[in-house]
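Here is a quick walk through a protein model for someone meeting it for the first time. Have a look at it, and then let's go through it piece by piece.

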Amino acid sequence: MTVPERFDAIIIGTGQGGKPLAAALAKAGWKTAIVEREEKIGGTWTAIVEREEKIGGTCVVVGCTPTKTMIASARVAYLVNRAAEYGINTGSISVDQNVVRQRKRDIVKMFSGGSKRSIEKLEHNELIMGEASFAGPQEIEVSLNAGGTRRLTSDKIVINVGARPRAPDIPGLDSVPYLNSTTIMELDVVPEHLLVLGGGFIGLEFGQLFRRLGARVTVTDMADRLAKREDPDVSEELVKILREDGIDVSLNSTAKRVAHVNGIIQLTLETADGERTLEGSHLLVSVGRTPNSDSLNLAAAGIEAKSNGLIPVNERLETNVQGVFAIGDVNGGPPFTHISYDDFRILRDNFLDGGTTTTTGRLVPYTVFIDPQLARVGINETEAVAKGLNYQVAKMPMSHVARALEVDETRGFLKAIVDRDTKQILGCTVFGIEGGELMSMLEIAMMGKVPYTVLRDGIFAHPTLAEAFNNLFAKLD
């Protein structure tokens with residue numbers, strides 16, 4: 001048997017945690033290997049996707065980067081269609097989906113190519129293209145994309161393999177040309193009628209995106225309201241906005257079967273009023289994601305995984321096997337790029353500086369890039385009630401924000417949860433124009449333990465969105 005090649009660290013996956021970790025370790029003089037395979041897409045439209053080796057993980061290749069690029073195109077279409085509201089007269093507009101797609105491809109290629117070049121030029125680091133699996137607690141076997149295998153060993157192995165779209169067990173789905181969050185971005189036409197199975201944030205982003213590009217869109221979800229982890233008033237405003245945009249929303253609807261008849265997709269739902277069948281030209285299945293741990297042969301290393309494929313870790317991101325760590329989406333933590341990047345910082349500090357950094361108590365901000373943006377950090381009112389906190393709520397509609405009125409973007413609201421005794425901001429939800437940026441300002445206040453009164457009395461440039469904090473927190477007086 002071939003003697004495995006020894007490295008100081010092996011990283012499986014070039015995602016937002018793996019790539020910077022490889023760079024940090026290599027720059028510190030560690031002999032590092034980082035392994036990346038070709039993206040596994042799944043679904044029945046796989047053939048339409050560009051096939052090439054890409055670096056950067058889910059975010060760069062099939063997640064944040066491409067989706068937000070396409071959402072930008074959709075927003076331009078939205079604004080052009082609203083031009084008359086601003087006194088600007090335009091003619092009829094059309095969408096060239098090939099150009100929308102190519103713009104997305106170009107941005108992904110730029111980001112991914114830059115990541116690959118930065119990895120390849122690192123001294124002490126080797127990029128290995130292939131699929132990794134465990135051959136033992138400290139040993140990896142890589143089936144190389146170019147053919148053949150390599151065996152690697154290290155006392156520190158980091159799993160950063162991410163997740164992929166999940167296909168539900170629905171009768172008939174295997175015989176229907178359905179789309180997932182990867183393949184839908186490769187369409188060269190705008191769907192005539194897009195059916196979205198799953199009202200999660202990914203499904204909503206794509207639903208609104210293609211509605212703005214000209215598709216008729218119907219979103220279905222089995223829950224009684226969208227965004228159930230948010231406060232009920234957020235869910236209510238969300239449905240209101242989607243319906244204002246012309247999106248049909250069907251709640252309390254469970255998919256029973258799917259069929260493809262004469263080129264039309266038929267999605268049959270079980271609702272409170274009985275069965276209902278929707279017909280559409282395209283079907284997007286967006287019901288969650290599956291960890292890419294199933295090809296790792298975890299059993300060979302004795303690594304424990306849950307039945308759903310997630311790999312449990314402790315507060316230092318270590319699995320049940322000493323020296324093996326799991327970061328990013330695969331460990332079951334919040335599935336956000338910035339959390340994966342923070343996972344990298346924890347391992348960097350602990351590996352290189354002998355630190356004791358953990359995940360305990362870290363803030364988890366996120367932004368959903370529907371329009372207007374839905375952003376949140378910290379606890380919401382529902383959680384404050386459940387915890388029995390002595391809290392106050394500051395809430396204000398975006399229609400009370402001067403800047404939002406001036407640019408005619410008044411949908412949504414700001415909402416902050418404040419500790420009644422300490423005046424500290426415990427959390428906020430910003431559902432409005434540039435919600436992610438406004439939420440981030442409040443997150444900075446939370447990190448610095450700045451009481452809400454400082455923002456209430458602060459001087460912000462006029463007219464900016466930030467000065468909304470003056471009026472928002474004045475409501476607590």
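What follows goes from the whole chain down to single residues.

## Ground rules

This is a predicted model, so to speak of a local feature here takes pLDDT of at least 70, side-chain atom pairs count only at pLDDT 80 or more, and totals for chains, interfaces and linings use all residues. Residues are numbered from 1 along each chain as its sequence is written, and side-chain values use heavy atoms, with hydrogens and water left out.

## The whole chain

Let's start with the big picture. The protein chain has 12 helices and 22 strands; these are DSSP runs numbered from the N terminus, with helices being H or I of at least four residues and strands being E of at least two. Its radius of gyration is 24 Å, close to the 23 Å that the globule rule gives for 477 residues, so the chain is as compact as a globular protein of that length. That radius is taken over C-alpha atoms, and the globule rule is 2.2 Å times the number of residues to the power 0.38. Along the principal axes, the C-alpha trace spans about 70 × 65 × 45 Å.

How much of the protein chain is buried? Buried residues make up 51% of the 477, where buried means under 20% relative accessible area, exposed means over 50%, and partly exposed is in between (1.4 Å probe, protein chains only). The accessible surface comes to about 21,000 Å², and 50% of that belongs to carbon and sulfur atoms; such areas come from the Shrake-Rupley method with a 1.4 Å probe, and for residues only the protein chains shown count as cover. Of the contacts with a separation of 6 or more, 64% are between residues 24 or more positions apart, a contact being heavy atoms within 4.5 Å.

Two strands pair if DSSP finds at least two bridges between them.

Axes are lines fitted to C-alpha atoms, for helices over the stretch in contact, and angles run from 0 to 180 degrees between N-to-C directions.

## Strand E6 and its partners

Four of the five residues of strand E6 (149–153) are buried, so E6 is largely enclosed by the rest of the structure. Strand E1 (residues 5–6) runs parallel to E6 and is joined to it by two bridges, with glutamate 5 standing opposite leucine 152.

Strand E5 (residues 139–144) pairs with E6 in the antiparallel sense over five bridges, and there glutamate 139 stands opposite threonine 153. The hairpin of E5 and E6 has four residues between the strands, and glycine 147 takes a positive phi near 110° in it.

## Two helices packed together

Helices H3 (residues 64–81) and H4 (residues 97–120) pack at an angle of about 145°, with axes 9 Å apart. Residues of H3 that meet H4 include Thr65, Met70 and Ser73, and among those on the H4 side are Val100, Ile107 and Phe111.

## Loops worth a look

Most residues other than glycine have a negative phi, and most peptide bonds are trans. Asparagine 297 has a positive phi near 55° and is partly exposed at 41% relative accessible area. Glutamate 434 has a positive phi near 50° and is partly exposed too, at 37%. As for cis peptide bonds, one runs from aspartate 371 to proline 372, with omega near 5°, and another joins histidine 462 and proline 463, with omega about -5°.

Is serine 293 buried or exposed? Serine 293 is buried, with a relative accessible area of 6%. This residue is in the loop between strands E16 (289–291) and E17 (324–326), and the residues it touches include Val161, Leu298 and Ile311, not counting those up to four places away in sequence.
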